[in-house]
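Here's a quick briefing for anyone meeting this structure for the first time. Take a look at it, then read on.

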Amino acid sequence: MRRGLYFSMDVLLITEDMDNLNYGIIGNCTSAALVSESGSIDWLCLPRFDSPTVFAKLLDSSKGGAMRIEVVGCVGINQQYIPRTNLLCTTFYSPDGLLEVVDFMPRYKPHGTDFYCPPDVIRYLRVVDGKPRVKIFFDPKLEYGKSDTIIEDKGPFICAYTNSPYDSFYLYSDLPHSSILNHEEMVLDDDHFLLMSYHQKLYKQDLTRTQLKMERTKVYWLTWCDVTVTYPQYNDLIQRSALTLKLLSYQKTGAVIAALTTSLPETIGEERNWDYRYCWIRDGSMVVRILTELGHNNVANRYMHYIINMLPDKDEAMQIMYGISGEKTLEEFTLDHLEGYEGSKPVRVGNAAYMQKQNDIYGILMDSIHYYFKKFSTSLSYSEELWTVVRLVVRIVRDNWHSMDRGIWELRNESKHFTFSKVLCWVAVDRARGIAEFLHQPHLAEEWKKLENEIRDDIEAHAWSEKKQAYTQAYGCEELDASVLLMLKYGYVCPGSERFRKTVFAIQKELEHDGLMYRYRNKDDFGTPKSAFTICSFWLASALYDIGEVDAAKERFERLLSYSNHLGLFSEDLDFKTKRQLGNFPQAYSHLAIIEMAIAMSEGESTPETIIRKCLSND
C-alpha cells in the first residue's frame, strides 16, 4: 500500500474550526442538509425545508442529533464539491487507506416523468486505496429532539421513530446493521452505501442502484451548470453561488427560501435568532431575477406561478413572506429545550415578521414581473393573470406608500418612513408603468407616471440630509442605512448623480468598520447591532464600482471573498474582528450579491461609456 501518498498531498489536518460555519450544503430542491468539513451531517429537516429536524447538532450538540462517519486513525481530511455539481466529496486519509464519502440528495428526471427528488440523503463510501477502518454514528433526533427517538433494526432497514408525536426515519445500508447501531469498527475493502429516507423504499436498495442514483444526479447538475451563462471572470464563483441558490428553491411550488437554517445567531450569545426557512417576497424575487439572468428561465416561470397562486382574491393583502407551499400563517414559537448555537437562545420556529408591513417588497416584486414581461413570451391567460397582479400591487402602493412601515430590516417594535421603502414604492410604480406601456395601456401608464413623480418629489424633499450630505435611513432622522446604496441598482438615480455619490461616501464613512459594513448603527429592538451584515459589504463594493471607484471596489470584493468558508459559501453575517461567519446559512442574499458584483465586474459595467448609457436610460 502506498502509505506515503496520504502525507504528501495537500490535505487539511483534523483541526475543524468549530467557531466557523465550515459546512457544505447538499440538496435536491425538496430539502437540504449541512455536512461539516469533518463529514458529519449536523442539519437536516425532512421531508421539506421547513419540517422538524432529523439532525440538529448545529443547535444542540447533545440533543440535536447527527450522522457521523469516523475513520479510525485519520490524519487528514479534504472536502470539496465534485466540480459543477452539488455532490460533496469528503476524503479521509489514514495509514490504513483512503476513503471518499460522496454526499448527495438524488435529483434527476427519469424518462417521461417528473423530477425524482425524494426526501433522501445518500452517503456513498468509496474505497480509493487500502482498507480503511470506520465507525458509523447514526444518531437521529426526530421532531427537534422534543421526545425520545427510538432506533430499531427492522431487517431490511434501521428505523428511527418517535411516539408522541409519531414520526419515522429510515436507514438502508449494505453494511452490517448491528455494527452501525453499536458503533463497531468495520474494515472496508470495497464500496458501500448509506441511504437515509423519510419514506420506506419500495425497491431493494443496493450498491448498483445507489451508483445509478449518484451518476444520474451528477449528470443533472452538470447539465444545469452547462445552461448557466458563462463570464470571462469569476465564472467558478458565479457557478457555485448559483448552484447554492438553486438548492434553496422548492421544487413543488417555485418558492425560494431565505436560508436553510433557523436560529443561527447574528451575534453569539444574543437573541437575534430567526427562522429563515420561508419565502420572503423580497429575497425570492431577487434570487429569481438573477438566476433568470444566468439562463435558468424555469425558475422564473415557477416563481411567478407561486406568486399568482398566493393571491387568489383581488382585495387580498400581500404579505412580506409565505410558507414554501403558500402558507399564510407562520406562527412563531421557541424550542426552549435546545441550547442554541453556542448557547445563543432562543431557538425559534416560525417567524412573526409575516404580519409586518414592509412597503419595499412591492417594488422588488414588480421589478421581477417587469423583467419577466420583457424577457419571456407568455400565453394570453398567463399575461392577464400577471397583469391583475400588477394592478393589485399599484393599488396597494397608491394606498400605502405615504405610510410608515417596518422596513427591509424588519424592526419589530418601531415603524418609520424608511427611505428604502419609499424608493421601492417608486420602483413599483415605475416598473408598472413600463409594463402598461408594453401591454399597450397608455391611459394607465399616464396615470401611474403622475404617482411615480409624486413619490419621487416626496423622497427628494424629505430623505435628503444637508447635514450628512446623504439620503438618510428615514424621513426626519440623521442615521444612515446601507439599504440606500441600492438606489442606483433599481434605477432611482444614475451613477452620475451627485447626491448618490455623496451618499455612498457618507455611508462608507459612517457604517464601514474593519473592512465590513453595519446595516445601520442606531439602536433597534435589541440594542445596537454588533455584527456585519454580509450583503451590505457587497452592496458598498458594488456602489463604489458603479460610481467609478473601480480599484477600491475590486479590493473590497476580493477581500470579502476571502471570508467565505472552505467551500466558498457565505452566511448572513460576519464578525467584525475575527471575520467568522454568523447568522443563518447558507444565505441566499449573500450569494445573490456575490453573483451581481461578479457579473458587473466581469462585464465591465463601470466603463465611461456604460456610465453614460446608464444615465441616459434612467432619464
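Strand β9 (residues 120-130) is mostly covered, with 8 of its 11 residues buried, where buried means under 20% relative accessible area with a 1.4 Å probe, protein chains only. Strands here are DSSP E runs of at least two residues and helices are H or I runs of at least four, numbered from the N terminus. Keep in mind that this is a predicted model: local features need pLDDT of at least 70, side-chain atom pairs count only at pLDDT 80 or more, and totals for chains, interfaces and linings use all residues. Residues are numbered from 1 along each chain as its sequence is written, and side-chain values use heavy atoms, leaving out hydrogens and water.

**Partners of β9**
- Strand β8 (residues 97-104) pairs with β9 in the antiparallel sense over 8 bridges; pairing takes at least two DSSP bridges between two strands.
- Across that pairing, E100 sits opposite R126 in β9.
- β9 also pairs with strand β15 (residues 192-197), again antiparallel, over 6 bridges.
- There, V121 faces M196 in β15.

**A sheet of 3 strands**
- This open sheet runs β24-β25-β26 with antiparallel pairing.
- Its edge strands, β24 (532-533) and β26 (581-582), each pair on one side only.
- β24 is joined to β25 (residues 573-574) by 2 bridges, and A532 has L574 in β25 as its bridge partner.

- α4 (residues 235-247) passes α5 (residues 281-293) in contact, which involves A242, L245 and K246 of α4 and V287, I290 and L291 of α5, contact meaning heavy atoms within 4.5 Å.

Definitions and conventions: Axes are lines fitted to C-alpha atoms, for helices over the stretch in contact, and angles run from 0 to 180 degrees between N-to-C directions. Buried means under 20% relative accessible area, exposed over 50%, partly exposed in between (1.4 Å probe, protein chains only).
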